[in-house]
Amino acid sequence: MAATTAPIASIGSYAARRERRKAIAYGVFFLLVALAIFFFFVRNSAPGMESTFKLNPTTKEKVIQLGDLVLPTYQTLLVLATVVGLLGLYQIMRGFKRVVLVLGLVALLFVFAFLVWAVRDKSINLLGILTFTVAAATPIAFGAMSGVMCERSGVVNIAIEGMMLTGAMVAVIVASISGNLWLGLAGAVLISGLLGVFLAILAIHFRVDQIIAGTAINIFALGITSFISQRFMQPNPALNSGGVFSKVAIPGLSQIPIIGPVFFNQSPIVYILFLTIIAIHFMLFYTRWGLRTRAVGEHPSAADTLGVNVFKIRYVNVIIGGMIAGVGGAYFTIGSVGRFDEAITAGKGFIGLAAMIFGRWNPFGAYGASLIFGFSDALQARLQVLGKTQVPIPSEWLLILPYLVTMIVLAGVVGKTVAPAADGKPYTKD
Amino acid sequence: MSEATTPSAPAEAKDALPEVKNTRLRDAILYPILAVFTALVIGAILILVTDKAVVNAWLNFFDDPAGALRLTAQTVGKAYGAMFNGALNIGGIIQGIGAMLRGEGTQQLAIALVPLSESLTQSVPYIFAGLAVAFAFQGGLFNIGGEGQMLVGALCSVYVGFKVTGMPWFIHLPLAMMAGIAGGAIWAGIVGALKAYTGAHEVINSIMMNWIAIILSSWLLKVGGPLARPDVPVTPPVLDTAWIPRLFDTPGNRFHAGFFLALFVVWLVWWILYKSTLGFQIRMVGANPKAARYSGINVKRLWIAIMAISGSLAGTAGMVQTLAVDRWVGVGFSAGMGFDAIALALLGRNHPVGVLLAALLFGTLKNGATRMQSVAQIPVDIITIVIALVIVFIAAPEIIRAIYRLPKASVEEGPVFTKGWGS
C-alpha cells in the first residue's frame with residue numbers, strides 16, 4: 001500500500017505545483033500587459049490631453065441623446081495600467097478562481113487603453129465602432145452557426161467558406177436578375193443548401209475524410225465563382241448590381257441608448273441572424289430533434305441502438321448548416337457592398353469556424369466570439385481613419401488581428417474546448 | 001518499404017500477397033487516370049452549358065440536330081484543342097524536327113519547343129508544393145498552408161536576392177535559396193509547434209497563417225512598401241548573381257535548372273520517407289500516432305519536424321519560381337497553387353513519384369489553360385474546378401467505381417485528418 005500511495009501523493013503535489021506555476025504565469029502576463037500599457041500608451045501621452053468618445057449615432061435618428069464621454073487621456077491610462085497591475089499582483093499572490101474571466105477583463109482593459117491612447121486629443125464615435133462590429137460579426141456568426149449545426153451532429157464542415165462564397169455570388173446574380181433582394185437571399189440559401197447536400201453525401205454516404213471533402217468543396221467554390229464571374233459578370237455588369245438591403249430600425253428597441261442603434265438598426269440579415277441563433281439554441285437544447293442531434297454527435301452507435309436514425313439526423317443538420325452559411329454569404333454582397341468580387345469572403349468562413357470553437361459549440365457563445373472578431377475588424381477600419389500620426393502602426397498589422405486571435409483561441413489560451421465526441425468520425429452501421 | 005521493417009508474414013498471407021499488390025497497383029494507376037478524365041469531361045460540360053451559342057443550338061435541337069452536335073464538338077474541340085496545343089505543341093515539334101532534318105537549322109524546332117518547356121517550367125513549383133502536402137500527409141498532418149509558405153519562401157528569397165549585393169553567384173544563390181527554404185520551414189513550423197504543444201488543429205492554423213502571409217505581403221509589396229519599388233507594387237528585380245539559370249536562350253523559353261533540382265528532391269523525399277529511420281518514424285506517426293508514441297517516438301517533436309520539412313518544400317516552390325522564372329515578387333504571387341497541391345498529393349497517392357507525375361500533368365493543364373483563355377475565352381479557373389473534382393473523385397473512389405462499373409477494390413485505406421479542432 002505504502003509503495004503505491006507514495007507516487008500518487010507525489011503526482012498530486014506535482015499537479016499542484018503545475019497549477020501554481022500556471023497561475024503565476026498568468027499573473028506575470030497581466031503584469032506585462034500593465035507594463036505595456038505604461039510604456040506604449042502612458043509614456044506617449046501627456047497630462048492635459050483628452051480622449052473623446054461620441055455615443056450618439058451620426059445619422060439623424062430619434063434616440064435619447066447622450067453626452068460625449070470625455071476622458072483625461074493621461075490619468076485614465078495611468079488608472080488602467082494600475083488596475084491591470086494590481087490584478088496581476090493579486091493573481092501571483094492569491095490567484096483568481098476563474099482566471100479565464102480575468103484574462104478576458106485584462107484583454108478588454110488593454111483594448112480600452114489602446115483606444116483611449118489612439119484618440120488622444122481627438123474624438124471617435126464609439127457607437128460607430130460598435131455598429132460596425134455587429135455588421136462585421138454577422139457573416140462570421142452565420143459561419144459559426146453553420147458549424148454548430150453540422151458539428152453538433154458529428155460532421156465537420158470546413159466547407160463553410162466555399163458555401164458562403166457561392167452564396168454570395170448567387171445572391172447578387174439572382175437579385176440583379178429578379179430585382180428582388182429576398183429572392184437573391186433565397187437563391188443563396190438554395191445553392192449553399194445544395195453544397196450542403198454534396199458535403200453530406202461525401203461525408204456521410206461515401207465516408208470521405210471530412211476535411212478533404214470540405215477542402216474539395218472550397219476549391220470547387222473558388223473555381224466556379226471565379227469562372228462564372230469572369231465569363232458572365234465581368235462582360236455584363238448588370239448581373240453584378242443587386243442592390244443592398246437597407247437598414248431597418250425596429251420601433252421601440254432601436255431607441256434604447258447605445259444598444260438600440262448598435263443592434264436594432266441594422267440590415268434585415270442581421271435580424272435573421274438573431275432569430276437563427278435563438279432558433280438553434282432552442283432546437284439544440286429544448287427539442288427532441290436537438291437531443292437526438294447531440295446524441296448522434298457524441299455517441300452515434302448508442303443513439304442508433306435506441307432507434308435514432310443517425311444518417312437522417314446528420315443529413316438534415318448538414319443541409320440546414322449549408323443553408324445558414326448561404327445567408328451569411330448573401331450578407332457579403334446584398335447585405336453590405338452590393339457587388340461580388342472574386343474570393344470576397346476572404347477566409348471569414350474559417351474565422352467562423354474558430355468562433356464556433358471559441359464559443360464551445362454553443363450558439364450564444366459562438367456569437368460572442370464572432371463579436372470579438374468583428375470588433376477587431378471594426379477597430380482596424382476606424383483607426384485607419386484616425387491617421388498615421390495618431391496610430392503609428394501600419395493598418396495591415398491590425399488586419400492580421402482576427403487571424404492572430406483565432407490562433408490564440410485555438411491554442412487553448414482561453415480555456416479548454418471540448419468538441420462533440422464523434423465530431424468528424426464517419427458512422428458505419430454494422 | 002524496406003525488408004527490415006516488414007514483419008514476416010504468415011505463409012498463407014504470403015500466397016495472397018501478389019494478388020493484393022496487383023489490384024493496388026491497378027487502382028493506383030487506373031483511378032487517378034479515370035478521375036482526371038471524368039473531371040475533364042465535367043469541365044467540358046461546364047464550358048458547353050455556359051456557352052450561349054451551344055445552349056441555343058440545343059434549345060432548337062430538333063430544328064438542326066446535326067448542327068447542335070457539330071457546334072458542341074467544335075466548342076469542346078476548340079477549347080481543349082487550344083489547351084493541348086498551348087501546352088505541348090506536338091505538331092509544331094514534328095514540323096521543327098522535319099525542318100532540322102531537311103537541314104534548315106534548329107531555329108524552328110527551338111521555337112516549337114517553347115510550349116512544352118513552359119509546361120515543364122510550370123510543373124516545377126507544382127512538384128515542390130505537391131511533395132510538401134504529400135510529405136505531411138504521410139506523417140498524418142494536413143498542410144493546407146502551402147499558399148502562405150510559398151509566399152513567405154518567395155519573399156525571403158527575393159529579399160536576399162536583391163538586398164545582398166557584391167557577392168559571387170556561388171555564395172549569393174545558395175544564400176537566397178536557403179532564405180526561401182527557411183522562410184517556408186518557419187512558417188509551417190509554427191503551425192507544427194502549435195499542434196504539438198497546444199493541440200490546435202493544423203488545418204485552421206495553416207489557413208490563418210495563409211491569410212497572415214497574404215496580408216503581410218500586401219503591406220510589404222504595396223507601392224512604397226518596405227519591400228516594393230517606389231512606383232510599382234512589386235519588389236526590385238533579383239540580382240543576376242542569385243538567378244537560378246535558364247537553360248535555353250530562345251525567347252520565351254523559361255525552362256530552368258530548377259527542374260532538375262525538383263527531380264533530385266523527388267528522389268530525396270522518396271529516400272527520406274522509405275529508406276531512412278526518420279521516414280519510418282514519420283510514416284508510423286502518420287499511420288497511428290498512439291502506437292508510435294508507445295514505441296518510443298517523440299511524436300510532438302516529429303510533428304514539428306514534419307511541418308517544417310513540408311513547409312520548406314513549399315517554400316522551395318516559391319523560391320524556385322522567384323529565382324528562376326519571375327525574378328521579382330508581386331501581390332497575388334501563388335494564386336491558389338497551395339490548394340492545387342492537395343489534389344496533387346491525393347492524385348499521386350502521397351508517393352513522390354506519383355506526385356511528380358501528377359505535377360507534370362497539372363503544369364501542362366495550367367499552361368494549356370492560359371492558351372485556352374486567349375484562344376477560346378474560357379477562364380483559366382476551369383482548371384481549379386477540374387482540380388476540385390479530381391480531389392472529390394480520388395477521395396470518394398466509389399463514385400468512379402459506380403460510373404465505370406469497376407469491381408470493389410481489395411484494400412480500402414485513406415488518411416484521416418478530422419480529429420477534433422484543438423485543445
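**Entry 1: where chains A and B touch**

I began with the contact, which draws 41 residues from chain A and 43 residues from chain B. This is a predicted model, so every value in my notes is computed. Next I asked which helices of chain A supply at least two residues each to the side that touches chain B. They are helix 7 (210-233), helix 13 and helix 15 (395-410). Helix 7 of chain A gives the largest share, 15 residues. I then sorted the chain A side by residue type. It divides into 26 nonpolar, 10 polar and 5 charged residues.

**Entry 2: chain A as a whole**

I looked up the secondary structure of chain A and found 15 helices and 5 strands.

Burial came next. Of the 430 residues in chain A, 50% count as buried. Then I checked contacts between residues at least 6 apart in the sequence of chain A. Of these, 79% join residues at least 24 apart.

**Entry 3: two alanines in a loop**

I moved to the loop of chain A between helix 12 (310-337) and helix 13 (348-358), where A343(A) lies. A346(A) lies in the loop between helix 12 and helix 13 too. I looked up phi for each. For A343(A), phi is near 55°, a positive value in a residue other than glycine. For A346(A), phi is near 45°, again positive and again not in a glycine.

Are they buried or exposed? A343(A) has 14 C-beta neighbours inside 10 Å, so I put it down as partly exposed. A346(A) has 17 other C-beta atoms within 10 Å, so A346(A) is partly exposed as well. A buried residue would need 20 or more.

**Entry 4: helix 17 of chain B**

Which residues did I find buried in helix 17 (residues 397-404) of chain B? Among them are P397(B), I399(B) and I400(B). These three cover an arc of only 155° around the axis, so they sit on the same side of helix 17 of chain B.

Last, I stepped just past the end of helix 17 of chain B. There R405(B) takes a positive phi of about 50°.

Definitions and conventions. Residues are numbered from 1 along each chain as its sequence is written. Chains are lettered from A and ligands numbered from 1 in the order in which they are written. This is a predicted model: local features need pLDDT of at least 70, side-chain atom pairs count only at pLDDT 80 or more; totals for chains, interfaces and linings use all residues. Helices (H or I, at least four residues) and strands (E, at least two) are DSSP runs, numbered from the N terminus. A residue is buried if 20 or more other C-beta atoms lie within 10 Å of its own, exposed if 12 or fewer, and partly exposed in between; C-beta atoms are placed from the backbone. Two residues are in contact if their C-beta atoms, placed from the backbone, lie within 7 Å. Ala, Val, Leu, Ile, Met, Phe, Trp, Tyr, Cys and Pro count as nonpolar, Asp, Glu, Lys and Arg as charged, and the others, Gly among them, as polar. The arc is that of the directions from the helix axis to the C-beta atoms.
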